Amino acid sequence: MRVGIIGLGQSGKSSLFHTLTEQTPEPPSGKPHRRLGRALVPDERVEYIARNENAKKKTFAEVNFLDPDGFPPESGKSLTSEFLAMVRGCDLLALVVRAFRRESIMHPLGSVDGLRDIRNCFSDLLIQDLAVFEGRHERSSKAYSHGDKDLKLEIDTLEKAIAALGNDRFLSGVEWSKQELQIIRHFEPLTLKSGIVVWNVDEDAAFGRGGVGIPEDVKALCAERGWGVGAVRLSLESEVMEIEYEERTEFSHELGIDETVRDRFLIAVYDRLGLLSFYTAGPTEAAARAIRRGDTAWDAAGKIHSDIQRGFIRAEVMSFDDYVKYGNEEGVKKAGRYRVEKKEYVVQDGDIFYFRFNV
Ligand SMILES: Nc1nc2c(ncn2[C@@H]2O[C@H](COP(=O)(O)OP(=O)(O)O)[C@@H](O)[C@H]2O)c(=O)[nH]1
Ligand SMILES: [Mg+2]
């Protein structure tokens with residue numbers, strides 16, 4: 001899973017990247033590039049399985065982050081097409097919005113107005129999609145008039161998308177048939193992606209769970225677009241990340257942070273993308289991996305190794321709860337709770353798999 005961090009210049013994108021990945025942003029290179037990093041998803045179940053199996057290694061599910069960086073300062077006034085092209089392949093967009101005051105840091109539009117910035121950025125996404133679909137529509141229409149009649153459904157779908165975008169609607173808010181969805185997904189439209197607005201407030205701002213610190217009109221705008229929104233204090237959080245891991249909790253408490261941005265953010269990503277975790281357990285490794293709700297045992301096998309997917313024979317499964325209740329795999333078997341499933345089996349949160357395969 002990959003999250004693309006977007007936002008105007010100086011809004012706090014790289015600070016967010018830094019807090020999420022604990023990767024120190026290198027000095028600006030002056031050339032546009034994708035800065036990549038990852039965060040491991042904290043998981044008590046992996047810890048438990050590792051202890052119980054005496055596993056040599058623990059592997060946590062991971063979420064990847066992309067911070068498009070190195071753009072010239074002038075381009076920080078809006079989300080340009082070069083900038084947005086970098087996040088096309090991402091599963092989720094995180095739009096960082098400046099709500100902190102701090103006079104000494106310039107705002108590219110000259111004043112701090114988060115609602116305006118969100119509106120502008122949302123229309124940048126929309127315009128970008130519109131350009132992609134219009135370009136494709138023109139080409140497909142030409143081919144159609146030259147006799148390629150297979151393009152009928154594509155053209156109808158493109159027109160539906162163009163009409164929606166023209167009416168200021170995100171593609172995620174439109175009803176699509178399975179076939180239509182397949183067609184538009186191919187273009188990786190930005191307004192079809194899940195999104196979260198990261199409302200970056202001052203270190204002394206009122207702040208808390210359930211949207212404390214976020215103005216009502218901002219919440220309403222995000223809800224209208226189907227985006228999530230959460231407040232963060234990135235300058236504080238960056239400070240916390242500077243501290244040695246062992247001392248972080250205590251320091252965080254002193255600052256009134258009871259949950260790090262990273263933990264809250266990862267929970268939000270799981271929620272937005274409809275992710276769940278499945279596991280593998282053994283003496284060599286206790287591992288968690290993320291998968292989308294509705295995905296099958298066959299998809300899960302592919303998350304581990306393409307060979308396991310290719311040679312898939314069957315999946316042996318127990319739930320994490322049974323594993324805890326009956327002590328170990330043998331206990332689960334004795335209790336008659338160990339299952340054998342086929343490729344089509346829909347993965348449940350907490351499933352512990354053993355894949356039989358043959359290549
Ligand atoms: N006071 C304050 N400064 C911040 C905050 N977030 C970021 N900054 C500062 O704003 C500047 C731009 O941040 P950066 O993360 O590089 O923004 P980017 O251009 O979007 O990547 C840096 O000097 C940060 O230290 C915040 O929440 N409060
Ligand atoms: Mg940056």
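**Entry 1: what kind of model**

I noted before anything else that this is a predicted model.

**Entry 2: the sheet with β1**

I began with an open sheet of 6 strands, and I read its order as β2-β4-β1-β5-β6-β7, with mixed pairing. Which strands sit at the edges? I found β2 (33-40) and β7 (228-232) there, each pairing on one side only. Ignoring direction, neighbouring strands in this sheet are turned by 25° against each other on average.

Then I picked one pair to follow. β1 (residues 2-6) and β5 (residues 92-98) run in the parallel sense and share 4 bridges. For a landmark, I marked V3, which stands opposite L92 in β5.

Next I checked what packs on this sheet. Helix α1 touches β1, β2, β4 (62-69), β5 and β6 (194-200), and its direction makes about 155° with that of β4. Helix α7 is on the sheet too, touching β6 and β7, and I noted about 145° between its direction and that of β7.

**Entry 3: the sheet with β8**

I moved on to another open sheet of 6 strands, ordered β3-β9-β8-β12-β10-β11, and its pairing is mixed. Its edge strands are β3 (57-59) and β11 (339-341), each with pairing on one side only. From one strand to the next, the twist averages 30°.

Parallel or antiparallel for β8 and β9? Antiparallel: β8 (residues 275-281) and β9 (residues 285-292) are joined over 7 bridges. Helix α2 (residues 44-53) lies across β3, β8 and β9, and I have it running at about 150° to β9.

**Entry 4: α4 with α5**

How do α4 and α5 (residues 152-166) cross? Their axes come within 9 Å, and the crossing is at roughly 150°. Angles over 145 degrees count as roughly antiparallel, so α4 is roughly antiparallel to α5. The crossing is left-handed.

I listed some of the residues in this contact: α4 brings L126, L130 and F133 among others, while those from α5 include I155, L158 and I162. By class, the contact of α4 with α5 has 9 nonpolar, 3 polar and 5 charged residues.

**Entry 5: α4 with α7**

I stayed on α4 (residues 114-145) and turned to its packing with α7 (residues 216-224). The angle here is about 15°, and the axes are 10 Å apart. These two helices are therefore roughly parallel to each other. I noted a left-handed crossing for α4 and α7. On the α4 side I found G114, L115 and I118, which meet D217, V218 and L221 in α7. The contact of α4 with α7 divides into 4 nonpolar, 1 polar and 1 charged residues.

**Entry 6: around ligand 1**

Last, I looked at the ligand. How many residues surround ligand 1? I have 17, and the closest are G12, K13, S14, S15 and S235. Two helices, α1 (13-21) and α8 (234-242), each supply at least two residues of this shell. α1 gives the most, with 3 residues. By class, the shell around ligand 1 comes to 4 nonpolar, 9 polar and 4 charged residues. I also jotted a cross-reference: α1, back in my entry on the sheet with β1, is the helix that touches β1 and β5 among other strands.

Key: Residues numbered from 1 in each chain as written. Chains lettered and ligands numbered in written order. Predicted model: local features only at pLDDT ≥ 70, side-chain atom pairs only at ≥ 80, totals over all residues. Near = placed C-beta within 6 Å. Nonpolar A, V, L, I, M, F, W, Y, C, P; charged D, E, K, R; others polar. Pairing = 2+ DSSP bridges. Axes fitted to C-alpha atoms, helices over the stretch in contact; angles between N-to-C directions. Contact = placed C-beta atoms within 7 Å. Parallel < 35°, antiparallel > 145°, perpendicular 65-115°, else oblique. Left-handed = near helix turned anticlockwise from the far one by under 90°.
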